[in-house]
Amino acid sequence: LMANTMSKSGFDFNTAMYELVDNSVAAGAKGVEIVFWIDPAGQKLIHQIHVSDDGTGFPLDTLATTLAMGAMTGEGINEHGVGLKQAIGYYGNNSIRDGLIGIETYDGEDCYEITGYEDNEVTRRDMKPWGKTGSIVKIDCSAQKTHLSKRLKPLLEMLGVRYGHFIRDDRLVIGVSLVDFNTSDEIEKGD
């Protein structure tokens, strides 16, 4: 309940996305990919957002702490562990449980997916490690009825402003892709 209430506190589409990208940057990512799973007809209704990176991944205890209410996660862009919960809650129409599809992560030792969140507890499943460290945050935002046609250009401009110094110094590449939610076909890809 507390996390869901916090997701209502001043977040909008862009600030929620910043929180997700900030987590990637704090984890040392050099590449971040934002994938919008959309209905390609009309104004491009967004069903899901996946944010993946090549950062250090989340050790299980760190991710569990990050998702727990009132937890401190150390030094970083969002050192209080609130931003990830707020972003998921925002896109989940003020519900972390409804917004969280999963968080897949590999930290070089453990590879797992957080598959659920209820009453400040997470459920997870172990996964087979993939080639490099990183994370993928998968969010269901279909309840919001948000149309990408109204959001994409302002988001891209603001990402350029917010992360411009990382991008100019070749410390970060942010890619954005559009995928057809119905067919899983890639519609558009760009940096």
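Visitor: Is Asp22 buried or exposed?
Guide: This is a predicted model, so read every value here as computed from it. The cut-off for buried is under 20% relative accessible area. Asp22 falls in that class, and its relative accessible area is 3%, so the answer is buried.

Visitor: Which residue forms a salt bridge with Asp22?
Guide: Look for a side-chain nitrogen of Lys or Arg within 4 Å of a carboxyl oxygen. For Asp22 the closest N and O atoms are 2.7 Å apart, and the partner is Arg162.

Visitor: How many residues apart in sequence are the parts that Asp22 and Arg162 tie together?
Guide: Asp22 sits in helix H2 (residues 13–26), while Arg162 belongs to helix H6 (residues 148–168). Arg162 is partly exposed at 36% relative accessible area, whereas Asp22 is buried. The pair ties together parts whose separation in sequence is 140 residues.

Visitor: How many salt bridges does a search of the whole structure find?
Guide: Asp22 with Arg162 is one of them, and Glu104 with Lys138 is another. Asp169 and Arg171 also meet in a salt bridge, at 3.5 Å from N to O. Searching the whole structure gives a count of six.

Visitor: Which strands hold Glu104 and Lys138?
Guide: The side chains of these two meet in a salt bridge with an N to O distance of 2.7 Å. They are 34 residues apart, so to speak a link between distant parts of the chain: Glu104 is in strand E3 (residues 100–106) and Lys138 in strand E6 (residues 134–140).

Visitor: In what sense do strands E4 and E5 pair?
Guide: Strand E4 covers residues 111–118 and strand E5 covers residues 121–126. Tyr117 stands opposite Val122 in E5. The strands pair over six bridges, and the sense is antiparallel.

Visitor: Which residue in the turn between E4 and E5 has a positive phi?
Guide: E4 and E5 form a hairpin, with two residues between them. Most residues other than glycine have a negative phi. In this turn, a positive phi of about 50° belongs to Asp119.

Visitor: Where does Asn93 lie?
Guide: Asn93 is not a glycine, yet its phi is positive, about 60°. Asn93 is partly exposed, with a relative accessible area of 42%. Its place is the loop between helix H4 (83–91) and helix H5 (96–99).

Visitor: Is Lys145 buried or exposed?
Guide: Lys145 lies in the loop between E6 and H6, and has a positive phi of about 55° without being a glycine. The cut-off for exposed is over 50%. With a relative accessible area of 56%, Lys145 is exposed.

Visitor: What is the mean pLDDT of the protein chain, and where is pLDDT under 50?
Guide: Residues 1–7 have pLDDT below 50, and this stretch has 16 contacts beyond near neighbours in sequence. Over residues 76–80 pLDDT also stays under 50, with 13 contacts beyond four places in sequence. Across the chain, 86% of residues reach 70 or more, and the mean is 85.

How values were computed
Residues numbered from 1 in each chain as written. Predicted model: local features only at pLDDT ≥ 70, side-chain atom pairs only at ≥ 80, totals over all residues. Heavy atoms only, no water. Helix = DSSP H or I, 4+ residues; strand = E, 2+ residues; numbered from the N terminus. Buried < 20%, exposed > 50% of the residue type's maximum accessible area, 1.4 Å probe, protein only. Pairing = 2+ DSSP bridges. pLDDT = per-residue confidence, 0-100. Contact = heavy atoms within 4.5 Å.
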